[in-house]
Amino acid sequence: FDGARQRLTSAFGGSVLVSQNSATGVASFVRFTNGAAMSFAGATTPEAAANAFFAQYGSLFGIKDAHAELRLLDAQRGAQGDVHLTFHQVYQGVDVFGGILRVHLNGANEITAVNGVFVPDINLTATPGLSAADAAAIAERIVNGTDLQSSLLASTIPALAVNNSLY
């Protein structure tokens, strides 16, 4: 974290602000100020610029391998040509609940800010202890034992996720 922060601060001086998440100990917000923005040679698309940022400065957020730990979830283009990419954190191919990073770029594919929550140093097995059918049956038994009106509820296909214990 500190090495990447020092490199970024050295490159941009007082034109970058880094906020730290007190729960994770890593960055939660990187913002370029005074009209500054970060560009990467050869990054001709917003996704390429974001990938270059994560490769060079991902450790600010606790990222060790962006290709293995992040999955592009959404890309939106604003009226001014700005682009907002949303990346979901994954651990051993499993979504991390609440692990979302957003990269904001101007129309020239220059990064103006990166923010969100990344849960660093996850250490658990991502193999489920229950089948999807068993998990659904347990959930139905729990709901049936309450005062909830079952006619107002609908079940969905269970999905495996890593619980983000920060919330």
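Analyst: Two residues are in contact when heavy atoms of theirs lie within 4.5 Å. On that basis, in this predicted model, Phe-54 touches Ile-63, Ala-66, Leu-70, Phe-87, Leu-101, Val-103 and Val-114, with residues up to four places away in sequence left out.

User: What makes Phe-54 buried or exposed?

Analyst: Its relative accessible area is 4%. Buried means under 20%. Phe-54 is therefore buried.

User: How many aromatic pairs are there, and what makes two rings a pair?

Analyst: Ring centres must lie within 6.5 Å. By this rule there are four aromatic pairs. One of them joins Phe-53 and Tyr-57, with centres 5.7 Å apart and planes at 40 degrees.

User: Why is the pair of Phe-53 and Tyr-57 called tilted?

Analyst: Planes under 30 degrees apart count as stacked, and over 60 as edge-to-face. The angle here is 40 degrees.

User: What separates Phe-53 and Tyr-57 along helix α2?

Analyst: About one helical turn, because they are four residues apart in α2, which spans residues 46-57. An α-helix has 3.6 residues a turn, so residues three or four places apart point the same way.

User: How do you know whether Phe-53 and Tyr-57 are buried or exposed?

Analyst: Phe-53 has a relative accessible area of 0%. Tyr-57 has 4%. The cut-off for buried is under 20%, so both residues count as buried.

User: What kind of pair do Phe-54 and Phe-87 form, and why?

Analyst: Edge-to-face. Their planes stand at 85 degrees, and the class needs over 60. The centres are 5.4 Å apart, within the 6.5 Å limit.

User: Which parts does the pair of Phe-54 and Phe-87 tie together?

Analyst: Phe-54 lies in helix α2 and Phe-87 in strand β4, residues 83-91. The pair therefore ties together parts that are 33 residues apart in sequence. Phe-87 is buried too, at 3% relative accessibility. Phe-53, Phe-54, Tyr-57 and Phe-87 form one aromatic cluster.

User: Which residues touch the most other members of the largest nonpolar core?

Analyst: Phe-54 and Phe-61, out of 30 residues in that core. The elements that give two or more residues to it are α1, β1 (16-20), β2 (27-32), α2, β4, β5 and β6. The largest share, five residues, comes from α2. Another core, of eight residues, lies apart from it and includes Tyr-91, Val-119, Ile-122 and Val-162.

User: What makes Val-114 buried or exposed, and which residues does Val-114 touch?

Analyst: Val-114 lies in strand β6. Its relative accessible area is 0%, under the 20% cut-off, so it is buried. Beyond four places in sequence, Val-114 touches Ser-28, Phe-29, Val-30, Phe-53, Phe-54, Phe-61, Arg-102, Val-103 and His-104. Val-114 and Leu-85 are 29 residues apart in sequence and 9.4 Å apart in space, C-alpha to C-alpha.

User: Which backbone oxygen does the side chain of Gln-89 reach, and what makes that a polar contact?

Analyst: The backbone oxygen of Val-119, at 2.7 Å. A polar contact needs N or O atoms within 3.5 Å, a donor on one side and an acceptor on the other. Gln-89 lies in strand β4 and counts as buried at 3% relative accessibility.

User: What about Asn-163: buried or exposed?

Analyst: Exposed, because its relative accessible area is 60% and the cut-off is over 50%. Asn-163 lies in the segment after α4 (132-144).

Definitions and conventions
Residues are numbered from 1 along each chain as its sequence is written. This is a predicted model: local features need pLDDT of at least 70, side-chain atom pairs count only at pLDDT 80 or more; totals for chains, interfaces and linings use all residues. Side-chain values use heavy atoms; hydrogens and water are left out. Rings of Phe, Tyr and Trp (its six-membered ring) pair if their centres lie within 6.5 Å; planes under 30 degrees apart count as stacked, over 60 as edge-to-face and the rest as tilted. Buried means under 20% relative accessible area, exposed over 50%, partly exposed in between (1.4 Å probe, protein chains only). A nonpolar core is a set of buried Ala, Val, Leu, Ile, Met, Phe, Trp, Tyr and Cys residues joined through side-chain atoms within 4.5 Å.
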